[in-house]
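Here is a friendly walk through the salt bridges and the ligand site of one protein model. Have the viewer open and follow along.

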Amino acid sequence: MARTPLMAGNWKMNLDHLQAVQLVNELAMALEDRNFDYSSEVVVIPPFTDIRSVQTTIDGDNLKLAYGAQDVSLHDSGAYTGEVSATMLEKLGCKYVVVGHSERREYHGETDEIVGQKAQVVAAHNMTPIVCCGEVLEIRQQGTHVEHVLSQVRGALAGFTGEQVAKLVIAYEPVWAIGTGEVATPADAEEVCGAIRQLLVDLYGAEVAESTRILYGGSVNSGNVKELMAQPNVDGGLVGGASLKAQEFAKIADFKHL
Ligand code: PEP
């Protein structure tokens, strides 16, 4: 089954709402200049404070871009100061929500269990979770990265039905490659993404596993995206730094013509 490639730009805590509008417009223009055919889905994932402005820019100009959020609360409403609920994100038209990014795991103590619960909350609100997993450098050096990542995926997906898993997105992001300029080799990315797909076959069957999109993230740029995307089990990229530059992210989205 052909999976539609997905390029998701995680802006992290960068750009205010005015800068967000500018970047979305520049991205749309850069894609147009390349005669981009939208055969890959292009998604921007701005900070919460930018989402409303991104929504009105995309909707107002009928841009063929989707958008999402970087995190979500486990709670639907109430006394949870500082949190943002899935209901709010759904109302804003978010299509995707990143859950379990390594920065959330590291700085906010998110466990596989919490990540799984957040993924459930997102799915229950008709949005697609982008479930992140990935090993730190020590684990890679010990050579136990595949088991480690599979255990994160198993934990995060506990409670999901096969039907739900077919629709979600998993992002393999080796922590040592995030924001470091150190990209995993295409073979490294394929080793883990292929193992994740095999785990999905074992847990949910081949049909589900063939539908789930698995992204690679970690210093993706226009120079390495083509080779990464040539791997059979890499269906797209979760792109941090390079997604803040319109021309560069447009090239990444248009990897087929690089
Ligand atoms: C990320 O934020 O998920 C990421 C992969 O960042 P970068 O592309 O900058 O390594």
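Let's start with Arg104 and Glu110, whose side chains meet in a salt bridge with an N to O distance of 3.1 Å. Keep in mind as you read that this is a predicted model. The two partners fall into separate burial classes, and the cut-off explains why: buried means under 20% relative accessible area. Arg104 has a relative accessible area of 23%, so this residue is partly exposed. Glu110 has 8% relative accessibility and therefore counts as buried.

Next comes the bridge between Arg197 and Asp235, where the closest N and O atoms are 2.8 Å apart. Arg197 belongs to helix α9 (residues 186-204), while Asp235 sits in the loop between α11 (225-229) and β8 (236-239), so the pair ties together parts that are 38 residues apart in sequence. What is the relative accessibility of Arg197? The value is 4%, so Arg197 counts as buried. Asp235 is buried as well, with a relative accessible area of 6%. Both residues also take part in a network of salt bridges that links Arg3, Arg197, Glu210 and Asp235.

A further pair to look at is Arg213 and Glu41, joined by a side-chain salt bridge of 3.0 Å, N to O. This pair links distant parts of the chain: Arg213 is in strand β7 (residues 213-217) and Glu41 in strand β2 (residues 41-45), 172 residues apart. Both Arg213 and Glu41 are buried. How many salt bridges does the structure hold? There are 14 salt bridges in the structure.

Now for the ligand. It is surrounded by 14 residues, and the closest are Lys12, Glu173, Gly179, Ser219 and Gly240. Sorted by class, this shell has 4 nonpolar, 8 polar and 2 charged residues.

| Residue | Protein atom | Distance to a ligand oxygen atom |
|---|---|---|
| Asn10 | polar side-chain atom | 3.1 Å |
| Gly179 | polar backbone atom | 2.6 Å |
| Gly241 | backbone N or O atom | 2.9 Å |

How much of the ligand's accessible area does the protein cover? On its own the ligand has 290 Å² of accessible area, and the protein covers 95% of that.

How values were computed
Residues are numbered from 1 along each chain as its sequence is written. This is a predicted model: local features need pLDDT of at least 70, side-chain atom pairs count only at pLDDT 80 or more; totals for chains, interfaces and linings use all residues. Side-chain values use heavy atoms; hydrogens and water are left out. A residue is near a molecule or strand if one of its heavy atoms lies within 4 Å of it. A polar contact is a pair of N or O atoms within 3.5 Å; within protein, one must be able to donate a hydrogen and the other to accept it, and residues adjacent in sequence count only if both atoms are side-chain atoms. Accessible areas come from the Shrake-Rupley method with a 1.4 Å probe; for residues, only the protein chains shown count as cover. Ala, Val, Leu, Ile, Met, Phe, Trp, Tyr, Cys and Pro count as nonpolar, Asp, Glu, Lys and Arg as charged, and the others, Gly among them, as polar. A salt bridge is a side-chain nitrogen of Lys or Arg within 4 Å of a carboxyl oxygen of Asp or Glu. Helices (H or I, at least four residues) and strands (E, at least two) are DSSP runs, numbered from the N terminus. Buried means under 20% relative accessible area, exposed over 50%, partly exposed in between (1.4 Å probe, protein chains only).
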